[in-house]
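User: I am new to this structure. Please take me through the labels and say what each one rests on.

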Amino acid sequence: MPGVIELTAIIVSSIATTTLAANLLYLGTYALAYAGLAFGAQALQGLFVSKPAVPKPEDGSYNLKQPVPSLSYVLGRAKKASDYVFLGEKNGTAYHILVWACHRIDGYVQHYLHDEAVTLDGSGFTTAPAHFGNKVQILSRLGLNAETAYADVVTAFAGIWTNNHRGDGLASVRMSAATVSSENYLKVFPNQMPQHSAVGDGMLLYDPRNGNTSFSRNLALMRLWHLCHPVGGKLDLSDMYLPDWSNAANVCGENVTNRDGGTEKRYYGGFWFRAENDPVQVGRLMDEAAELVVFERPDGLIGVHGGEFVEPDIRLTAADIKRVAHDTNQRRSSTVLAVRGRWTDPANRYNTVDAAIYGDPYVGEDTERTATVDNQAVQSHNHVARLQKLKYVRKNAPRVTIVADYSAAKNVPYRRFVRVHLPPRLTEVIVEITSTPKLSLRNLTVEFSGIVVPSDLYAFNAATEEGEPGASVTPLPPGGVPTPVNFDVTIDNEVITGGQTAAFGQATWDFESDALLYELEWQPTSEIEPARSAMSKTGETEVRSGYLSDGVEYKFRLRAWSNGASSDWTEFEIRTATADPVAPGSVTGASLTGGAGQVEFDWTAPNSANYFASRLYLNTSNSFVGATLVATEYGAAAANDARTVTGLSAGTYYGFIEAINASGVPATEVATGSAIVT
């Protein structure tokens, strides 16, 4: 446990701070390992009012609607929703203005509507997924010092939203969603009104190595920014020992090899938080992720130990050590068999996922003995695996508490590692300091606690030690309602009032699910009538149309419905309505008589109740194939009938007579023989 703080200089509360809890900086290295401390004494935190914890990635899944939301900050690359500052509707279009971050950002990487990544055209309209069509438009601002108001919102809501509503210094998004018809609403917006979120590159960070301010995922640079910002340490760059911070940034930017043989940066990451979040927790998050130890130097400046092993320049021997307590740390209550990990996976839409377990939690026993590294700023499996190994080593390391002479140990408060030589148990061992060194002016001694670690503490063989992360869950795009399969239409008939028959379409399809209803639509191909439709009943695989006009050609199509959403229409099926499919009898007594420029047809109509008319054909050869329809004569059944056709050229003609019913269904044609036209 941390030693009792005896020196007021241990807590940096005098340098541009207003409260002790602003920084909780202390001299020397902090309890990075088994005590679980990061940038501050854990015991002191309970003395102050609790603040909200640093948000998990999942906490940024939904846009926040409240009168005055706490300002949000994005460090590195992160996925998050936004805070509403405006929502209004005009002429069927809803306008949303959302603040993604309260500062200038480097840019947006990917926009999401709910959990669907969207593709935008040059005007900001969504081109994919296709179901959004051009109904959603997304515009954005980076949060420049002097921004530009969204012109269409100013136009649509004149007097409410003006050109003065620029959003200076606020990274924002303007999303508009246009109204669609009620029948297509859930097809276009399957999850109701679109919920925007985005992956973006956040804060521009000062880099002491080159003096530039630009976007970076370097965790040491994030920590430097946080210490110098009002939501963090409230310090100034002049209060920082920049050579230390430059070195820490270099350490974070070193290349390491991962399990796939590729290279990545040692301590890179990203996360977001709000101004109301506890600055101690925010600082701890970055310190743990980058293995940083922040401390006050003898000159009063704030230095940092980077996440690397440094060969100790202090060696304490028996002549320097006044008292030592050595704990081999073999108790099951304090050691672990494995370390679990939780990290933010960019491939899993920046959600928190489990890492491969380092070690075996059930070696020789049924009781699980594990510790956990849970850090949302970590965005690489190799990164979290390295932190898991470090925690495993530290949890199982021997512990020591040493009281040493001041003359030999006076610089211990400013070191992370010291060498101790006290045979036989502590022979040239390396001790990582895990508590605040305590100076006793009465005895002129320095007391500190630590753990015994190997010199290759940070060595890591990714091929054998990283393990395989769990597979990422790939969300399936909304499949929508399935289009009907094997759609077909037949024309059927039934007797109606008066003994007449009427035609209707009978549609059929393959069964898919009881959750589906089906809509049949029909319309004359000439479109002289409006389209009509009929709905099926649950579980049925057929539906009939209304009565159709006899002899008219119709087009039919079908679609499925479920929970207010519809499938695509099927292709059209073309059918001709036939109320009476039974042909009448054939005519009798058919003859053809020629004359000057004309012929006369004579025949007796069939004695059929459904007889309607006779069609008269002429041909210059004795074949019905190729004959020309020259007239249709309407009459009664069994009646003698005749028709003269004029305007013919001289020559020999052959006639054919075809009886039909009211639906135009013909009987077998009857030849009349030939006739000569003069």
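Analyst: First, a term: two strands pair if DSSP finds at least two bridges between them. Strands (E, at least two residues) and helices (H or I, at least four) are DSSP runs, numbered from the N terminus. The model is predicted: local features need pLDDT of at least 70, side-chain atom pairs count only at pLDDT 80 or more, and totals for chains, interfaces and linings use all residues. Residues are numbered from 1 along each chain as its sequence is written, and side-chain values use heavy atoms, with hydrogens and water left out.

User: What is the bridge partner of Ala 507 in strand 32?

Analyst: Val 543 is that partner. Strand 29 (residues 501–508) and strand 32 pair in the antiparallel sense over five bridges. The definition asks for at least two.

User: Which strands form the open sheet, and in what order?

Analyst: The order is 28-29-32, with antiparallel pairing. Strand 28 (488–495) and strand 32 (542–548) each have a single partner strand, so they stand at the edges and one side of each is left without a neighbour in the sheet.

User: Why is the pair of Phe 86 and Trp 161 called tilted?

Analyst: Rings of Phe, Tyr and Trp (its six-membered ring) pair if their centres lie within 6.5 Å; planes under 30 degrees apart count as stacked, over 60 as edge-to-face and the rest as tilted. Here the centres are 5.0 Å apart and the planes stand at 55 degrees, so the pair is tilted. Phe 86 is in strand 3 (residues 83–90), and Trp 161 is in the loop between helix 2 (151–156) and strand 9 (171–178), 75 residues apart.

User: What makes the pair of Phe 612 and Tyr 634 edge-to-face?

Analyst: The angle between the planes is 75 degrees, at 5.3 Å centre to centre. The cut-off for edge-to-face is over 60.

User: Are Phe 612 and Tyr 634 buried or exposed?

Analyst: Buried means under 20% relative accessible area, exposed over 50%, partly exposed in between (1.4 Å probe, protein chains only). Phe 612 has 36% relative accessibility, so Phe 612 counts as partly exposed. Tyr 634 has 53%, so Tyr 634 counts as exposed. Phe 86 and Trp 161 are both buried.

User: How do you know that Lys 80 sits over the ring of Trp 272?

Analyst: The test needs NZ of Lys or CZ of Arg within 6 Å of the ring centre and within 35 degrees of the ring normal. The charged end of Lys 80 is 5.0 Å from the centre of the Trp 272 ring. Arg 557 lies over the face of Trp 569, at 4.2 Å from the ring centre.
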